[in-house]
Amino acid sequence: MAYEKGVISTVITLFDKRRERNRIEKEERRNKVYAAVPKIIDIDNELKRISLEAVKSALSSGGGEKAVRAFKKKSLELQAQRAELLVVSGFDMNYLGDIYSCKKCKDNGYIGSVMCECFKKELKKEAYHRSNLGAMLTEQTFKHFDFSYYSDEKNNKFGISPRENIDKVYNFCKKYADKFSSDSTNLLLIGKTGLGKTYLSTAIAKAVIDKGFGVIYDTAQNILLKMEKARFGKENDDGLTSQYIECDLLIIDDLGAEFKTSFTEAAIFNLINTRLISKKPMIISTNDYGRIDEIYEERIVSRLTCDFVSLFLFGEDIREKKLGNKSKKT
């Protein structure tokens, strides 16, 4: 799966600017050397002159090969003179050479028809930036998930311990991320605050972005606020709200915590329904599943219960446990 057009376009622009920046730096270096060592100007002019003569001679009948050999010999002599002058004058012998941020692809992003690693790196970096997850993408990963915060004590309501449950939820989410595609199902992560819903969503997001898909994460409150401002002309949209509909995976955090109005109710329904119709996967987390039918109208509840796979998290607040551990250490 290729990255979305916006990501690719941004990175292409970045490489254009990088090449231009390096071109300007090369020109500034040349001007600096010319001012300090005027003799090098004559050498460069002579290199240009013999190069043109070699081309003309090669195009004419007879003597082409001889002209090329003569040009190479003279060119090497002149380049050696220039390198010597540079070193004597306090410059590096390669100071006037081409400048590249990536020597492998020479800042083109591709080596022949193969995408360079530097281009892949920038694509991923831009995709991370667009996801709105920031540093969480490096901190909250499947690799760093800590199961020790979940108790082994059996929960009477669910019939298993929080640790046994999180094992199942974790494995489901890991498999979901590994096999993610445009045909993936929707997930509804349910549980009280501090049980790992956002963490698992972030871990999925990183894995999905690394596969080349576009991911957008935001809280329900922020999404609705942006939609409201765009709807009533309070702010220029600039594609901010359309990204919620168009991205490959949308992660909506804290559904149910937003301020309820007739607008937000309609906006939530339209967003969820539009993505369902377009078959674009979503991950939604909520703390209020027990009251979901009280918070939202039936058409929203129906979609959340019928078109999403529900994953329940239970146990003690991990954030409070972490704070408790820190206070004990101090």
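Contact here means heavy atoms within 4.5 Å. The views below show a predicted model, in which local features need pLDDT of at least 70, side-chain atom pairs count only at pLDDT 80 or more, and totals for chains, interfaces and linings use all residues. Residues are numbered from 1 along each chain as its sequence is written, and side-chain values use heavy atoms, with hydrogens and water left out.

**View 1. L200 and its contacts.** Neighbours within four places in sequence are set aside. L200 then contacts F142, F145, I166, V169, Y170, C173 and L313.

**View 2. The largest nonpolar core.** A nonpolar core is a set of buried Ala, Val, Leu, Ile, Met, Phe, Trp, Tyr and Cys residues joined through side-chain atoms within 4.5 Å. Buried means under 20% relative accessible area, exposed over 50%, partly exposed in between (1.4 Å probe, protein chains only). The largest core has 45 residues. F142, F145, I166, L200, I204, L249 and I283 touch the most other members. Elements giving two or more residues to this core are α1 (5–36), α4 (117–130), α6 (162–178), β3 (186–190), α7 (197–210), β4 (215–219) and β5. Helices (H or I, at least four residues) and strands (E, at least two) are DSSP runs, numbered from the N terminus. Helix α7 gives the most, with seven residues. Another core, of 28 residues, lies apart from this one; C247, F263, Y296 and L304 are among its members.

**View 3. Aromatic pairs around F145.** Rings of Phe, Tyr and Trp (its six-membered ring) pair if their centres lie within 6.5 Å; planes under 30 degrees apart count as stacked, over 60 as edge-to-face and the rest as tilted. The whole structure holds 12 aromatic pairs. F145 and Y150 are stacked, because their ring centres are 6.0 Å apart and their planes meet at 15°. F145 is buried at 10% relative accessibility, and Y150 is buried at 6%. F145 also pairs edge-to-face with Y199, at 5.2 Å centre to centre and 85° between the planes. F145 sits in the loop between α5 (136–139) and α6, and Y199 in helix α7, so this pair ties together parts 54 residues apart in sequence. Y199 is buried too, with a relative accessible area of 17%. Ring pairs link F142, F145, F147, Y150, Y170 and Y199 into a cluster.

View 4. D248 lies in the loop between α9 (242–246) and β5 (249–255). D248 is buried but has no salt bridge (a side-chain nitrogen of Lys or Arg within 4 Å of a carboxyl oxygen of Asp or Glu). The nearest side chain of opposite charge is K280, 4.7 Å away; Lys and Arg count as positive and Asp and Glu as negative, while His and the chain ends are not counted. The D248 side chain reaches the backbone nitrogen of G214 at 2.7 Å.

Methods:
A polar contact is a pair of N or O atoms within 3.5 Å; within protein, one must be able to donate a hydrogen and the other to accept it, and residues adjacent in sequence count only if both atoms are side-chain atoms.
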